Amino acid sequence: MPVSSRIPGFKDLSPLERRRVVAERTDLPKTALEPLDPAAGLSVEQADHMVENVVGVLGIPVGIATNVMVNDSEYLVPMATEEPSVVAAASNASRMTRPHGGFFVSHTGPVMQAQIQLLDVQDPEAARLRILEAREEILELSNAQDPTLVKFGGGARDLTVRVLPTRTGVHVVVHIVVDVRDAMGANAVNTMAEAIAPRVATIAGGRPLLRILTNKADQRIVRARAVFDRDLLGGEEVVDNIVHASAFAEADPYRAATHNKGIMNGISAVVLATGNDTRAVEAGCHSHAVGADGRYTALSHFEKTADGHLSGTLEVPMAVGLVGGATKAHPVARTSIEILGVTSATELAEVIVAVGLAQNLGACRALSAEGIQQGHMRLHARTIAVTAGATAAELDNVVQRLIGDRSIRVEHAEKVLGELRNGSLV
């Protein structure tokens, strides 16, 4: 874990120099960061053991978010994303929290659930009670499937049963509630569900169908809060505008979808960099955005504090792990975990949610101040210039011209590049 994640001038270094600085700040050997070089990262041979029908691998840029302080600990945070401005926005927004102590994060623990769907039950309400009466037996059978998890303090903790009317009749749905410790938990809870399904079906007098985890991880909640400094944000008017933007997202599902996408820009980038399941996390977060009234709303909220600063809060499910899956199989994921220095899945989840709040604030500030295109413009122009074929030596001149012409398109970049090479670019 770095002494400080505040690294002035980090953006001005070359990728190689940035790796050197990260290694120094995290007290890792330089060789530990070698997998971040595509030549030493995930090989086709390794990929062939991870999924089916492999023909190659896809490179995604990995950037480092700086300035992140969570619960008084400093973090340099790897983020895997193809979208310009995401890493910069998360870093800048995190800097704005530092005068007020950074991010403060709490959690409900690493608890996941699996569901067992029971059909053809003649007396659903009575079956529900019979299953609950057998709670201790079912929990014991569940824990027998994973003695290692139990040894490390995890295991099945509770059992709930629901009677669910559906268009194909009444189903009885059993939830097994499991503390999965440092795993994401899918394999553990699925194995338990498979094992207990015949027994609960016998008790209910029905037949089991689906036996699988739910990604609505509403017992694995992480909550982050931070105060963003008014002066660093740009003044009182910017604070007020962000509060208005937040109220818009809370009230309108059309705006909420884009507001929450900004949160996921940060969350998914860290989830991906650490080899965790982006689809599971995204499903959990978006399902959490639907309130008790069935309306989709904003996951985060921004308010003005008594002394005029901006308070931000975010509460989401966060099912991530440090053991199993790509977190161990993918060399870049292993390196990302080393850079972070986290020692538990819960600590990883706390950092991820803090970055989600930071990224959300960055997007809201851009929208509420100069507009999102202004914030994106230079980074987007660089991408367009590279697409048009600009070399490193030509890049700055082409970008400057694209921004000056307010025409950031590939065909214009190709025209500018031609003029540069012909000596007519002024």
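The largest cavity has a volume of about 60 Å³. The structure is a predicted model, in which local features need pLDDT of at least 70, side-chain atom pairs count only at pLDDT 80 or more, and totals for chains, interfaces and linings use all residues. Residues are numbered from 1 along each chain as its sequence is written, and side-chain values use heavy atoms, with hydrogens and water left out.

Rolling a probe the size of a water molecule over the atoms shows where empty space is left. A cavity is a set of points, on a 1 Å grid over the protein atoms alone, where a 1.4 Å probe fits but cannot get out; lining residues have an atom within 4 Å of a point. Grid points are joined across faces, edges and corners, and a volume is the space filled by probe spheres set on the points. The structure holds 2 cavities of 30 Å³ or more.

The lining of the largest cavity consists of His107, Thr108, Gly109, Pro110, Arg220, Ile221, Val222, Met318, Ala345, Thr346 and Ala349. The largest share comes from α14, with 3 residues. Helices (H or I, at least four residues) and strands (E, at least two) are DSSP runs, numbered from the N terminus. By class, this lining has 6 nonpolar, 4 polar and 1 charged residues. Here Ala, Val, Leu, Ile, Met, Phe, Trp, Tyr, Cys and Pro count as nonpolar, Asp, Glu, Lys and Arg as charged, and the others, Gly among them, as polar.

The second largest cavity has a volume of about 40 Å³. Asn215, Ala217, Ala280, Val281, Gly284, Pro317, Met318 and Ala319 form its lining. Helix α11 (residues 278-288) gives the most, with 3 residues. The lining has 6 nonpolar and 2 polar residues, and no charged ones.

Helix α3 (residues 86-95) is mostly covered, with 7 of its 10 residues buried. Buried means under 20% relative accessible area, exposed over 50%, and partly exposed in between (1.4 Å probe, protein chains only). The buried residues are Val86, Val87, Ala89, Ala90, Ser91, Ala93 and Ser94. They pack against strands β1 (62-70), β2 (73-80), β3 (103-107) and β8 (221-228), and against helices α10 (253-273) and α14 (345-368).

Glutamine 117 lies in strand β4 (residues 111-119). Its relative accessibility is 15%, so glutamine 117 counts as buried. Contact means heavy atoms within 4.5 Å. Leaving aside neighbours within four places in sequence, glutamine 117 is in contact with His171, Val172, Arg207, Pro208, Leu209 and Leu210.

Definitions and conventions:
On a 1 Å grid over the protein atoms alone, a cavity is a set of points where a 1.4 Å probe fits but cannot get out, and a pocket is an open set with protein on both sides within 12 Å along at least five of seven lines; lining residues have an atom within 4 Å of a point.
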